[in-house]
Amino acid sequence: MYSEYSNTSSSSNTLQRAELSSLTLRTATPDDLPGVLALLAEAAGWLNSRGIRQWPAGGFPAARIEPLIAERSLYVMDGAEDTGEGWMPAATVALDGHADPEFWRRSDHPETGLYVHKLAVNRAFSGLGLGETLLDWAALRVAATGRRWLRLDCSKDNPALQGYYRGLGFRHVRTVDLPHRASGALFQRAADPTAHAVPRARRRVPAHVLAR
C-alpha cells in the first residue's frame, strides 16, 4: 500500500515525494493557503470542543502560515476531495530549523535538530497512519541534513498525545510550563537513516495528530 520515500542529497531543499495509495506529499504553494487554513481550523475546533488546549479555537491567521509557505518548509499531502465546503489537504506538516527559544535551551544545541510544526491530519483520513508516516519522513529529512534530532513540542495537558509520540520512539525531554503557552511538552527522536516512512503494524492514529 505504501512506497518508500525517495532520497535527496543533504544540500538539496527539494521535497522528497511519496505515494501512499493516491496520496502525494509535496511542498505547499501560495495556492494551498486556503486549504491549509481550513484544515488547521478544523483540527483546532475539534480539539477545543473536547477541552484540549493546543491551538487557537478558530485556527491560525494567514500571517502565521504564509511565512512557512514562503520558506518552503510547509508540506501538504494531496488526496482530499472538495466536499462542497472547500478543498482541504489530507494532511499538512512544517519542518524547519526554527527552535522555539521559549522551550529549547542553548544546552539542547538547537542547531542539531529539525522541528515539526503544524502537523495535522484531515479527519476523513484518520486511522490510516498518515501522522506516523509524516513523522518517519521528517526523520529521514533530519538524517539527510546531517542533523541528529527530530524535535517537537506539544500540549502540556494532553497525555494521550504525549503517549502517542512516545509510542513512535520520541523521548520526553522536559515540560516547560509557561502560563501564556498551551504547549510546552518537549520531545525528540534520533534521526535514523535506515528508517522507512511506513506505518508500523497499522497503529491507529488519532483523528488529528498535532504538534505546535
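The following legends describe close-up views of a predicted model. Local features need pLDDT of at least 70 and side-chain atom pairs count only at pLDDT 80 or more, while totals for chains, interfaces and linings use all residues. Residues are numbered from 1 along each chain as its sequence is written, and side-chain values use heavy atoms, with hydrogens and water left out.

**View A. G79 in its loop.**
G79 is found in the loop between β3 (74-78) and β4 (91-96); strands are DSSP runs of E with at least two residues, numbered from the N terminus. G79 has 32% relative accessibility, so it counts as partly exposed (between buried, under 20% relative accessible area, and exposed, over 50%, with a 1.4 Å probe and protein chains only). Leaving aside residues up to four places away in sequence, G79 touches L23 and F125 (contact means heavy atoms within 4.5 Å).

The structure holds six aromatic pairs (rings of Phe, Tyr and Trp, the latter by its six-membered ring, with centres within 6.5 Å; planes under 30 degrees apart are stacked, over 60 edge-to-face, the rest tilted). The ring centres of W55 and F60 are 5.2 Å apart and the planes meet at 70 degrees, so this pair is edge-to-face. Both residues, W55 and F60, are buried. K118 lies over the face of F60, 4.7 Å from the ring centre (NZ of Lys or CZ of Arg within 6 Å of the centre and within 35 degrees of the ring normal).

**View C. W104 and Y115.**
W104 and Y115 form an edge-to-face pair, 5.7 Å centre to centre with 65 degrees between the planes. W104 lies in the loop between β4 and β5 (113-121) and Y115 in strand β5, so the pair ties together parts 11 residues apart in sequence. W104 and Y115 are buried.

Note on methods
Helices (H or I, at least four residues) and strands (E, at least two) are DSSP runs, numbered from the N terminus.
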